[in-house]
Amino acid sequence: MVLSRPASESDLSVISTSGSLFVRDSLPKHKMQENSIPKEAAYQIIHDELLLDFKPKLNLASFVTTSMEPECDKLIMESINKNYVDMDEYPVTTELHNRCVNMIAHLFNAPLGDSEDAIGVGTVGSSEAIMLAGLAFKRKWQNKRKAEGKPYDRPNIVTGANVQVCWEKFARYFEVELKEVKVREGYYVMDPVKAVEMVDENTICVAAILGSTYNGEFEDVKLLNDLLLEKNKQTGWETPIHVDAASGGFIAPFIYPELEWDFRLPMVKSINVSGHKYGLVYAGIGWVIWRSKDDLPEDLVFHIKYLGADQSTFTLNFSKGSSQIIAQYYQLVRLGQEGYRHIMENCHENAMVLKAGLERTGRFNILSKDDGVPVVAFSLKENKGGHDEFEVSEMLRRFGWIVPAYPMPPDAQHVTVLRVVIRAEFSRTLAERLVHDVSIVLHELDKLPPKVSAKGKEGAPVTAAHEENGDIDGAGHKRKSTDLETQREITTYWKNYVIAQKTIKRQKVMAS
Amino acid sequence: MVLARPASESDLSVFSTSGSLYVRDSLPKYKMQENSIPKEAAYQIIHDELLLDFKPKLNLASFVTTSMEPECDKLIMESINKNYVDMDEYPVTTELHNRCVNIIAHLFNAPLGDSEDAIGVGTVGSSEAIMLAGLAFKRKWQNKRKAEGKPYDRPNIVTGANVQVCWEKFARYFEVELKEVKVREGYYVMDPVKAVEMVDENTICVAAILGSTYNGEFEDVKLLNDLLLEKNKQTGWETPIHVDAASGGFIAPFIYPELEWDFRLPMVKSINVSGHKYGLVYAGIGWVIWRSKDDLPEDLVFHIKYLGADQSTFTLNFSKGSSQIIAQYYQLVRLGQEGYRHIMENCHENAMVLKAGLEKTGRFNILSKDDGVPVVAFSLKEKKGGHDEFEVSEMLRRFGWIVPAYPMPLDAQHVIVLRVVIRAEFSRTLAERLVHDISIVLHELDKLPPKVSAKGKEGAPITAAHEENGDIDGAVHKRKSTDLETQREITKYWKNYVIAQKTIKRQKVMAS
């Protein structure tokens, strides 16, 4: 940047940061200070504070990619200053975006001619993608109802209760009613039969999930499609399907190619997928693909004419970085189909290793399926001594693992699960180490005295807090200090944190 | 990533990329190919194709930052794999975000107590920020109307016709009517008197721009506030103001501190600013600040409880990168108020140098003001020989400069301007060089024969195309080849491109 005169004397960087004044003042938190500080000091102090963030790779709660090859990191840094929306200035970047759309559309068997351009767009994530898809359904349905002279003020969407939180956002922000199909113990995803029963004339679409965030399960999109076709024949409503393939969209085509879930099913009109999940790119990229032009109402699209050709744009965000788009293209060409296939097969194998290890302890029920997104969701067969999944989760943190615990959606909220997401960078070694650490945790929990029976509103957490603090809620219970307890005091911070955010985990992990 | 076995023989990288097969096949464009390719080859081929993008720094059309210090680049790469939404895993990143919100709120004189947390959020850009602000106004207005038992199905928003395209998006996607105050020749921003006249009971807010994208001018927010206060007293509608300070929000506080445009004015309820414009961060960060809790309806906010404290989230995007947030914090603490002030003063000075240079040619009218965002908007005093601003723009490209030309908004669309945005990295040397190159361009244009009088629908562009193609629409005109014409053929590509996108430039530059 241009500085025609030095900012101030404080810009002299002759002294080491550690020896400077800058580490004696804490950085501003509410107001900008008057003076500049040297760039080295700014870097060091911020960098050091950020050390207190957890390590992205050990976050087993998240589906989002945390490692890429150095070659890709290089491409990312080289394009960090390109504003994606400047399509005229960066025609190649725009072209790479379009290639990604085409490649992903073909992956989803969109009914396209050989050189026909797909209808789709890159987004910041599946949230934006879902909002765009939902907007398209809403507008299409409104136009249809207006043409029929019917009321169009009460649109609704049918989904499972296991739906990701961004659908709730879409519903709230775009004024669409959310009709949720409740799940039940043993069946934790949307039941197509129930879903189709809930469809009425105001339903703008039915949203199915390919890879439920709770347990990685693929919903039965084919059955949904067949039932909906049947109902549509009777009613004439033409209710369409959207598939939220945020996690599953980059898995199913490679290891379950015969599974019909995509545009091969006629009622499926749009699909979203997160590039930053199994698309293997850092956070900040999603994709939404429409079946055909008819499924994207023209009045939602803004037109930009580029080189004489029509460049349509339909996004919520405008200016944004180009790096993740380029990174997505890198992955698609670098890995090719065989590369993605090998990676997904590895993830699947490692999930099976983890699952087998957990089963061998004899202490867990496995709630995830073998097929689907490589996630292992497990719950304790019995809460021995009142110790539960939240405590397991909290104790695993001491080993460095972040494994969330949370209740299943209504009506199965009495079931609590721990969930491990197997990402591409989760090796077998790590899987075996995790099993080992889980065994240690179980062992330690068993040594603990039973918990007090008085429970807080949501179960175990409150009791755990009481143990830690020495306070007892309800029945009196006196305990003496053990080595373990001393150690546990050290982690009081994390325990309270897990306790406080039990319900929040549900929201967060659904989004990850 | 984990590869349990090599992808295929093609993963051997023993030979140089240039000697390999990979540069003989073109990269996939429509479908993923089956095989992987070595990472070095993937990097090289993509990198090389991207060389055909233009240089970000020479893009004078854009307000968006294209350079940051290496220390900040380092912080950016270190956090590229942190998914911002994982607030539990990255508590420091979340904290830095909150500090930015507080710092910016104080910059805007939000009425806060000393340790009171501001109400605001980081977004991907001003588009998302504006949509959130608009949503809040819409919901608040709807709640009010419902309570009054009045209809709430026809909300509208009053803005100037010079409004940025994302307001049109907001209006279209969230079903709010856009009532635009037309501009006129000589007064290219929203007239507060006219705006207030247009306010009715369905108006959810009046949006003023601090830094019009067309010419950098600050709208008179204070006058708007005073007139609106008056009208509200009579009507009882309590119509609020939103200030779109995308460009101006990081300029006014530093070099026009006495200008009252922010929360010092009681009717201003929310403000957005682009971190990636004069916030001096790469593309991908914006901020929206609300005056108080009352201005953000609670039912729009999703709650995440973190460490026992309530973390409210209200964004359209969910998973996204953390880098730009950390970079914004870096800039705020690294530069401090004096740093930003010096930079904005420099930008202003360089804008004056450019303006003076252009005036010295005697050929241009200056349509930007001295005060406001450092933008120089200029148009030809006369179109000698029919040559116009589009040709100037196109010819400047040959020198490497991207200077857009576009028509002013309705009702002044007959006025065409060229616009140069002075960003932090635009030195005086570059300003003087640009003036020099513009002089050369004028000189060359003067040497050209006059253009054909027959005009296309929008004026000059079509005539220029006819010259290029040798076709004439209407009057016949025979020309002989000159050296210049040969040179012009080389740039035929860019000319057609400028011609084709005349109306598009309007959209793009408004967003940049």
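Which loop of chain A does K277(A) lie in? Select K277(A) and you land in the loop between strand 6 (268–274) and strand 7 (286–290) of chain A. Helices (H or I, at least four residues) and strands (E, at least two) are DSSP runs, numbered from the N terminus.

Before moving on, some ground rules. This is a predicted model, where local features need pLDDT of at least 70 and side-chain atom pairs count only at pLDDT 80 or more, while totals for chains, interfaces and linings use all residues. Residues are numbered from 1 along each chain as its sequence is written, chains are lettered from A and ligands numbered from 1 in the order in which they are written, and side-chain values use heavy atoms, with hydrogens and water left out.

**Stop 1: K277(A)**

An unreviewed UniProt entry places the feature "modified residue: N6-(pyridoxal phosphate)lysine" at K277(A); UniProt positions are given in the numbering used here, feature names are shortened, and annotations may be inferred rather than shown by experiment. K277(A) has a relative accessible area of 4%, so it is buried (under 20% is buried, over 50% exposed, in between partly exposed; 1.4 Å probe, protein chains only).

**Stop 2: the whole of chain A**

Zoom out and colour by secondary structure: chain A comes to 15 helices and 13 strands. Of its 512 residues, 63% count as buried. Among the contacts in chain A with a separation of 6 or more, 70% are between residues 24 or more positions apart.

**Stop 3: the cavities**

The structure holds 17 cavities of 30 Å³ or more. On a 1 Å grid over the protein atoms alone, a cavity is a set of points where a 1.4 Å probe fits but cannot get out, and lining residues have an atom within 4 Å of a point. Grid points are joined across faces, edges and corners, and a volume is the space filled by probe spheres set on the points.

The largest cavity has a volume of about 320 Å³. To find it, select G284(A), G321(A), Q324(A), G321(B) and Q324(B), the closest to its centre of the 25 lining residues. Strand 1 (119–123) and helix 9 (323–360) of chain A, together with helix 9 of chain B, each give two or more residues to this lining. By class, the lining has 10 nonpolar, 13 polar and 2 charged residues (Ala, Val, Leu, Ile, Met, Phe, Trp, Tyr, Cys and Pro count as nonpolar, Asp, Glu, Lys and Arg as charged, and the others, Gly among them, as polar).

**Stop 4: L332(B)**

Follow helix 9 (residues 323–360) of chain B to L332(B). At 0% relative accessibility, L332(B) is buried. Show its neighbours: leaving out residues up to four places away in sequence, L332(B) touches M32(A), C100(B), I103(B), F250(B) and Y340(B).

**Stop 5**

Go to the peptide bond from P410(A) to D411(A), which is cis, with omega near 10°. D411(A) lies in the loop between strand 12 (405–407) and strand 13 (416–421) of chain A. In chain B, a cis peptide bond joins L410(B) and D411(B), with omega about 5°.

Finish with E175(A), not a glycine, yet with a positive phi of about 55°. E175(A) is in the loop between helix 5 (165–173) and strand 3 (177–181) of chain A, and at 30% relative accessibility it counts as partly exposed.

Key. Contact = heavy atoms within 4.5 Å. 1 Å grid on protein atoms, 1.4 Å probe; cavity = no way out; pocket = protein on both sides within 12 Å on 5 of 7 lines; lining within 4 Å.
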